[in-house]
Amino acid sequence: MRRQSFATVLIGKNILVREGIARILRAEHFRILASVSSVDELPSTLQSLQLLFLIVQAGDDFDLAVEHIGLVRDQHPGGRIAIVANHYRPAELALAFRAGASGYFVNVNSCDAFIKSIELVAMGETVFPPAFLSFALDTKSDHGQQSSATR
């Protein structure tokens, strides 16, 4: 049984991390259509409805990642978007989810788990770390009011 090939676009400032992810994905039959440092650099020829966008967020500028989610969502409403981050911060997961991301992956996953999770997002599922659900459902803390007050 041949695995489905997913058309994928990588966006992120760190070219070394993007290239590493691209190599992992190519080995698993993903088609890398573009690897760019910013949404502004996306080729105008990207017209597939089944695009998977991986926003590689390395560093502390999560606002830029959220901005990229919004821009990708506007330009490619049928695309699937996931964040690949180098740390786990529940508030950032919530921001990514609200902005329209369908997945959030921290670089502590094994390659196999990463590939399976990415495939699920590409097929239309939403994949976030299990701990995010308890954070999102925690009504005792006030993190929900803080983020809505700052918006």
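These legends accompany close-up views of a predicted model.

**View 1. Confidence along the chain.** The chain has a mean pLDDT (the predictor's confidence in each residue, from 0 to 100) of 83, and 83% of its residues reach 70 or more. Over residues 142-151 the pLDDT falls below 50, and this stretch has four contacts (heavy atoms within 4.5 Å) beyond near neighbours in sequence. Where pLDDT is low, the predicted coordinates should not be read in detail.

**View 2. The aromatic pair F6 and F30.** Rings of Phe, Tyr and Trp (its six-membered ring) are paired if their centres lie within 6.5 Å, with planes under 30 degrees apart counted as stacked, over 60 as edge-to-face and the rest as tilted; by this rule there are four aromatic pairs. The planes of F6 and F30 stand at 40° with the ring centres 5.4 Å apart, so this pair is tilted. Because F6 lies in the segment before β1 (7-11) and F30 in the loop between α1 (15-27) and β2 (31-36), the pair ties together parts that are 24 residues apart in sequence. F6 is buried (under 20% relative accessible area, where exposed is over 50% and partly exposed in between, with a 1.4 Å probe and protein chains only) at 6% relative accessibility, and F30 is buried at 4%.

**View 3. The aromatic pair F62 and Y104.** The ring centres of F62 and Y104 are 6.4 Å apart and their planes are at 50°, so this pair is tilted. F62 belongs to helix α2 (residues 62-75) and Y104 to strand β5 (residues 103-106), and the pair links these distant parts of the chain, 42 residues apart; helices (H or I, at least four residues) and strands (E, at least two) are DSSP runs, numbered from the N terminus. Both F62 and Y104 are buried.

**Notes.** Residues are numbered from 1 along each chain as its sequence is written, and side-chain values use heavy atoms, with hydrogens and water left out. In this predicted model local features need pLDDT of at least 70 and side-chain atom pairs count only at pLDDT 80 or more, whereas totals for chains, interfaces and linings use all residues.
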